[in-house]
Amino acid sequence: MGEAVPIYFSIVAFFCTAGAIVLATLHIYRHLVNYTEPTYQRYIVRIIFMVPVYALMSFLSLVLPESSIYFNSIREVYEAWVIYNFLSLCLAWVGGPGAVVLSLSGRVLKPSWYLMTCCLPPLPLDGRFIRRCKQGCLQFVILKPILVAVTLVLYAKGKYKDGNFNPNQSYLYLTIIYTISYTMALYALALFYVACRDLLQPFNPVPKFIIIKSVVFLTYWQGVLVFLAAKSGFIKSADQAAEFQNFIICVEMLIAAVGHLYAFPYKEYAGANIGPSRGLTASLAHALKLNDFYHDTVHQFAPTYHDYVLYNHSEGDEGTRKYRSRTFVPTGPEMDAVRKQKHMLGNKLDDIQLSSLSSSNSSTPEDSRAAPDSANSDVMKSSLLVDTSTSLSVSYDMSLIDLDISSYPAKVPAVKENEPR
């Protein structure tokens with residue numbers, strides 16, 4: 001390939017890689033032994049695995065440059081996997097797509113120049129918006145392995161070389177396709193964050209977004225800029241540019257491992273006793289199982305978008321049980337029907353609340369509702385969201401909520417008459 005890698009590059013990269021892997025492995029272990037909330041920690045463990053995958057693949061690419069294309073391919077596929085799992089984690093935090101749709105009902109995303117929606121009409125935050133965000137991330141997860149396979153085939157035929165922007169080579173065209181798909185995924189993630197920022201606030205999402213986007217986004221554009229520097233003559237050759245990129249990633253992964261300790265602390269779940277106790281092996285198997293990705297992909301791109309299958313992954317004598325139900329996620333005209341229904345139900349609920357307040361409190365109902373109204377108005381003014389509904393006290397049909405019944409036991413024990421209730 002090219003000249004041998006300088007020995008000091010290899011030494012520094014080795015210690016940084018070893019440190020990153022040790023920190024990340026210890027962090028993953030602590031999450032697995034405190035696996036009290038599998039719904040969240042499944043995605044967190046997958047995200048933390050990014051550090052050892054990135055660090056090890058980059059170090060192997062550095063010391064074995066003749067096989068670097070294979071190691072880099074593994075790293076890039078996991079890059080797409082991280083973006084999808086982070087969006088899934090955010091959705092799990094706020095209760096799932098159905099809960100998000102109901103929480104954001106009646107709101108729209110205002111046109112904004114930094115979101116590149118200034119020339120578009122306000123975006124309604126309905127089921128279609130949430131679905132498009134998930135599709136934006138899933139298309140990258142699906143397309144990336146395809147691009148990797150195409151790259152390996154073209155490499156075997158001598159039509160691909162990293163950093164070669166010659167129009168007769170495929171690197172230029174694959175980079176353009178990859179950049180478009182990659183940008184769409186990050187843009188979908190950014191739109192989702194802006195829309196659900198208030199819902200995500202209790203989970204301190206800012207450092208998590210920073211660490212994910214810093215590792216995934218900056219490492220990609222860092223590689224593009226390094227190869228452009230080689231093309232412009234600032235670096236002697238594309239081979240040296242690739243070595244420099246791999247070396248930088250090894251160093252950066254040590255920093256990322258430390259950042260993950262603060263962004264995804266295991267102490268939030270230690271001793272929570274929310275879920276059933278699991279062994280280390282069972283927790284790791286649950287985190288690495290890909291059935292959620294398969295069903296999510298089929299669901300998001302299937303024409304029958306409103307059909308859900310709820311799975312119970314708990315181990316038992318009956319094995320995995322399926323519950324099929326029709327869950328209504330309102331989109332487009334369906335959302336208008338939901339709003340009409342919620343206003344009808346809301347008016348009835350308001351009458352009940354007003355009568356109960358008047359009988360229990362001497363203050364007027366108008367005074368008790370004035371503070372939430374003014375507070376919500378201030379929040380709307382300072383954000384990109386606009387509430388287009390006319391009622392803030394909303395009552396929803398509970399049949400519209402996507403219920404996760406995986407944590408409920410299969411059989412409910414009978415209540416003993418002699419025990420207090």
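**The largest cavity and its surroundings**

Mentor: Sorted by class, the lining of the largest cavity consists of 13 nonpolar, nine polar and five charged residues (Ala, Val, Leu, Ile, Met, Phe, Trp, Tyr, Cys and Pro count as nonpolar, Asp, Glu, Lys and Arg as charged, and the others, Gly among them, as polar). Please keep in mind that this is a predicted model, in which local features need pLDDT of at least 70 and side-chain atom pairs count only at pLDDT 80 or more, whereas totals for chains, interfaces and linings use all residues. Residues are numbered from 1 along each chain as its sequence is written, and side-chain values use heavy atoms, with hydrogens and water left out.

The structure holds two cavities of 30 Å³ or more, a cavity being a set of points on a 1 Å grid over the protein atoms alone where a 1.4 Å probe fits but cannot get out, with lining residues having an atom within 4 Å of a point. The largest cavity contains about 540 Å³ of space, where volume is the space filled by probe spheres set on the points, and points are joined across faces, edges and corners. Its lining is made up of 27 residues, and those closest to its centre are Glu76, Lys144, Tyr160, Asp162 and Tyr171.

Turning to the elements, helix 4, helix 6, helix 7 (171-195), helix 9 (205-232) and helix 10 (238-263) each contribute at least two residues to this lining, and helix 4 gives the most, with seven residues. The chain as a whole has 14 helices and five strands, which are DSSP runs numbered from the N terminus (helices are H or I with at least four residues, strands are E with at least two).

Helix 4 (residues 68-93) and helix 6 (residues 127-156) deserve a word together, since their axes come within 10 Å and cross at roughly 175 degrees; axes here are lines fitted to C-alpha atoms, for helices over the stretch in contact, and angles run from 0 to 180 degrees between N-to-C directions. Helix 4 and helix 6 are therefore roughly antiparallel to each other, a term for angles over 145 degrees. In the contact between helix 4 and helix 6, 19 residues are nonpolar, two are polar and four are charged.

Within helix 6 you will find Tyr155, which is partly exposed at a relative accessible area of 32% (buried means under 20%, exposed over 50% and partly exposed in between, with a 1.4 Å probe and protein chains only). Leaving out neighbours within four places in sequence, Tyr155 is in contact, meaning heavy atoms within 4.5 Å, with Glu66, Ile69, Tyr70 and Tyr160. The C-alpha atoms of Tyr155 and Tyr171, which are 16 residues apart along the chain, are separated by 9.7 Å. Asp126 lies in the loop between strand 2 (123-124) and helix 6, and Asp126 counts as buried because its relative accessibility is 5%. From Asp126 to Val108, 18 residues apart along the chain, the C-alpha separation is 8.6 Å.

Gly95 is 104 residues from Leu199 in sequence, yet 9.7 Å from Leu199 in space, C-alpha to C-alpha.

In the loop between helix 8 (197-200) and helix 9 sits Asn204, whose phi is near 50 degrees, a positive value in a residue other than glycine. Asn204 is partly exposed, with a relative accessible area of 44%. For background, most residues other than glycine have a negative phi.

Helix 10 includes Phe244, which is partly exposed at 33% relative accessible area. Phe244 touches Phe9 and Val226, not counting residues up to four places away in sequence, and the C-alpha atoms of Phe244 and Gly223, 21 residues apart along the chain, are separated by 9.1 Å.

For the chain as a whole, 46% of the 421 residues count as buried, and residues 24 or more positions apart account for 76% of the contacts with a separation of 6 or more.

Terms used:
Parallel < 35°, antiparallel > 145°, perpendicular 65-115°, else oblique. 1 Å grid on protein atoms, 1.4 Å probe; cavity = no way out; pocket = protein on both sides within 12 Å on 5 of 7 lines; lining within 4 Å.
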